[in-house]
Amino acid sequence: MFGFICAALTQRRAAGTPAFTVMSCDNLPHNGAVTRKALLAFAALHDAGLHDWIKANVSFPNAMVDRITPMTSTAHRLQLHDQHGIDDAWPVVCEPFVQWVLEDKFVNGRPAWEKVGVQFTDDVTPYEEMKIGLLNGSHLALTYLGFLKGYRFVHETMNDPLFVAYMRAYMDLDVTPNLAPVPGIDLTEYKQTLVDRFSNQAIADQLERVCSDGSSKFPKFTVPTINRLIADGRDTDRAALVVAAWALYLKGVDENGARYSIPDPRAAFCQELVSDDALISQRFLGVEEIFGTAIPKSAAFVAAFQRCYESLRDKGVTATLQNLLNEAD
């Protein structure tokens with residue numbers, strides 16, 4: 001991809017044509033800045049002059065895109081055929097909600113996307129942090145617990161009052177205090193929107209999809225929240241339960257005895273970490289590329305993780321959630 005972009009920009013530079021904007025919609029923090037860094041590194045290997053020209057003339061606005069899109073299933077393909085007479089090998093199913101926040105940093109003009117609902121801003125960071133902490137973080141808080149319980153769809157977890165109470169507590173007490181004000185967004189309304197969206201049975205969002213790639217999701221979606229809780233000396237039990245649920249999920253068997261595969265490129269590595277419960281806290285939390293350095297050094301968090309892990313293993317999901325929520329009261 002970067003080769004094609006560089007080739008196009010090389011031709012524009014040679015012809016004296018103005019540069020264009022490179023806009024990333026990848027679901028990762030600071031996606032424009034990441035794209036800029038990667039493209040400049042690629043260009044430097046090819047042509048130092050092109051590198052300098054891109055650096056001076058090309059913009060890379062950051063964007064936050066939010067729309068839940070389940071994995072395409074056979075049921076989706078059959079539904080499209082039966083209801084609309086359309087045969088499509090890979091229909092894309094999505095929820096009604098859509099949010100696209102984009103930094104207004106374009107060279108050579110831009111389309112009037114604000115007319116179709118795009119929200120332009122000078123800085124997308126508060127919107128990113130809101131979405132990553134509340135939506136993605138809450139997804140992880142629900143998904144591994146739900147899978148261990150035997151649920152297989154996100155809406156099934158939302159039909160369980162304990163899961164909803166846990167999600168609300170995690171959002172209100174652990175994530176929201178860390179967030180800066182978000183222009184144009186009422187966080188109370190936004191959190192209710194998340195509860196409503198996660199409860200949408202029509203899209204049948206699979207827990208397997210949300211469970212996938214935990215080793216790359218935790219550093220982005222959960223670890224920053226935990227680090228802030230530790231730094232502020234706040235309670236870490238709810239966040240520790242998210243991590244403990246992932247650890248137990250990695251064993252590949254739910255509390256009903258059903259076995260499943262782990263959809264993660266690092267599945268073998270991660271499963272080895274939880275293969276023996278002895279010293280699991282040290283081995284699991286000690287993986288710096290996932291958990292960083294503050295988490296394994298926090299005696300309070302390590303103890304909370306151990307308690308949650310043992311409770312999930314010995315008492316199950318429901319009893320663990322009941323105890324955690326009762327203690328919070």
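The model is predicted, so local features need pLDDT of at least 70 and side-chain atom pairs count only at pLDDT 80 or more, while totals for chains, interfaces and linings use all residues. Residues are numbered from 1 along each chain as its sequence is written, and side-chain values use heavy atoms, leaving out hydrogens and water.

Let's start with the cores. A nonpolar core here is a set of buried Ala, Val, Leu, Ile, Met, Phe, Trp, Tyr and Cys residues joined through side-chain atoms within 4.5 Å, where buried means under 20% relative accessible area with a 1.4 Å probe, protein chains only. In the largest one, W246, Y249 and F284 touch the most other members. Helix α5 gives the most residues to this core. Because domain 1 (1-121) and domain 2 (124-327) both contribute residues, the core lies between them; these bounds come from an automatic or database domain assignment. Another core, which includes I5, L40, I54 and V58, lies apart from it.

| Core | Size |
|---|---|
| Largest nonpolar core | 78 residues |
| Another core, apart from it | 13 residues |

Leaving aside residues up to four places away in sequence, Y249 touches Y144, F147, L148, C211, Y260, S261, I262 and P263.

Helix α5 (residues 125-149) also holds N136; helices are DSSP runs of H or I, at least four residues, numbered from the N terminus. N136 counts as buried because its relative accessibility is 8%.

Note on methods. Helices (H or I, at least four residues) and strands (E, at least two) are DSSP runs, numbered from the N terminus. Buried means under 20% relative accessible area, exposed over 50%, partly exposed in between (1.4 Å probe, protein chains only). Contact means heavy atoms within 4.5 Å.
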